Amino acid sequence: AVVSTQSTGILGLVLILVSSFIFSSSATGAKYLEGIPPGQFSMARGGYALLLLVPTSFHSGISLLCFPKPALVAVRCIVHGLGYCLKIWCVKNMKIGDATAIYFTGPIFAGIFSRIFLKEKYTLINVFSTISGITGVVLIAKPSFIFGNSTGDVGYSIVYCLIALGAAIMAGIGYSSQRGLGNSVSPVVTTFYMNATVFMGGALLNLLSGATYSLPTCYTERGILTACGIGACIGLVLLNKGLSIEKSAPATLMRNMDIVLAFVVQVFLFNEKIEWRSVLGALLILTSAARVAFERAFCPNYFCQI
């Protein structure tokens with residue numbers, strides 16, 4: 001039974017890691033498609049996912065109307081879905097590293113919410129790993145509101161930073177809610193309603209910003225937009241499944257791999273210069289994720305709990 005539990009935990013971390021590959025690619029695509037407003041990108045992402053999920057639910061016999069814990073499902077999907085829309089807005093209007101750095105403070109909030117509402121144990125190794133992981137994110141992103149303008153970056157309005165922080169808090173609430181749902185609700189259900197929220201949130205964001213709707217001008221951009229929508233749908237199913245079988249704190253910490261993957265993609269696609277702080281930050285995040293996986297697999301009861 002112990003081996004089975006450990007294997008399930010490792011599977012959850014692997015699923016979350018794969019979803020990180022997909023989400024980092026989607027964020028890169030959102031940044032690359034400069035002519036697509038953030039609201040329209042969110043609508044495309046949610047729309048493609050809905051087109052895939054409706055036939056999937058019918059084929060699998062999964063009801064999208066009758067499911068347990070509807071209130072918790074609503075919190076998970078609405079809050080996290082709106083948080084995603086805010087994240088895309090920040091990625092479009094800020095440097096992708098800066099926006100992602102703030103967004104990935106989510107593990108701190110997830111740990112707090114899970115400790116308060118789900119009564120989950122939070123080990124000392126999780127505390128140390130979270131601190132080192134967040135430090136690594138900051139070192140990689142080098143946000144100008146922390147490091148100043150020594151690297152030539154332009155500072156952001158405090159409003160931009162608060163919006164990104166709000167997205168992080170929403171993500172933390174979403175991760176903890178998914179953990180509360182466990183395996184009681186199919187990932188298809190939560191993925192469907194989250195993408196419905198993303199679609200409607202994107203339409204609202206487009207309306208509030210006064211942006212005009214426009215289709216990509218070439219087939220390459222259309223292909224990227226389609227791939228981002230379909231890939232994000234698959235990644236969200238994997239993420240929901242991983243979160244349902246793994247504790248919130250280790251799971252959201254593993255999601256920090258997004259920043260590493262996005263950093264690697266940007267280096268090779270956009271030819272960005274590698275700095276020593278970026279290398280150090282990547283190593284901190286990788287080691288923090290490895291420590292969580294090691295604790296989960298080999299010594300789940302060894303470290304003190306708080």
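Predicted model: local features only at pLDDT ≥ 70, side-chain atom pairs only at ≥ 80, totals over all residues.
Modeller: Buried means under 20% relative accessible area, exposed means over 50%, and partly exposed lies in between.

Biologist: Is K69 buried, exposed or partly exposed?

Modeller: K69 sits in the loop between helix 2 (38-60) and helix 3 (70-93). Its relative accessibility is 39%. Buried needs under 20% and exposed needs over 50%. K69 therefore counts as partly exposed.

Biologist: What is the phi of K69?

Modeller: K69 is a residue other than glycine.

Biologist: Which elements make up the protein chain, helices or strands?

Modeller: From the N terminus on, the order is α-α-α-α-α-α-α-α-α-α-α-α-α. The count of strands is 0. The chain has 13 helices.

Biologist: How are helix 2 and helix 3 oriented to each other?

Modeller: Two packed helices are described by the angle between their axes and the distance between the axes. For helix 2 and helix 3 the angle is about 135 degrees, and the axes are 9 Å apart. Roughly antiparallel would need an angle over 145 degrees. Helix 2 and helix 3 are therefore oblique.

Biologist: Which residues of helix 3 meet helix 2?

Modeller: Helix 2 passes helix 3 in a right-handed crossing. From helix 2 come P38, F41, S42 and R45. In helix 3 they meet Y84, C85, I88, W89 and K92.

Biologist: How many disulfides does the structure hold?

Modeller: A disulfide needs a pair of cysteine sulfur atoms within 2.5 Å. The number of disulfides in the structure is 0.

Biologist: How does helix 2 run relative to helix 9?

Modeller: Helix 9 covers residues 187-209. Helix 2 packs against helix 9 at about 150 degrees, with the axes 7 Å apart. Angles over 145 degrees count as roughly antiparallel, so helix 2 is to helix 9 roughly antiparallel.

Biologist: Is the crossing of helix 2 and helix 9 left-handed or right-handed?

Modeller: The crossing of helix 2 and helix 3 is right-handed. That of helix 2 and helix 9 is left-handed.

Terms used. Residues numbered from 1 in each chain as written. Heavy atoms only, no water. Helix = DSSP H or I, 4+ residues; strand = E, 2+ residues; numbered from the N terminus. Buried < 20%, exposed > 50% of the residue type's maximum accessible area, 1.4 Å probe, protein only. Axes fitted to C-alpha atoms, helices over the stretch in contact; angles between N-to-C directions. Parallel < 35°, antiparallel > 145°, perpendicular 65-115°, else oblique. Left-handed = near helix turned anticlockwise from the far one by under 90°. Contact = heavy atoms within 4.5 Å.
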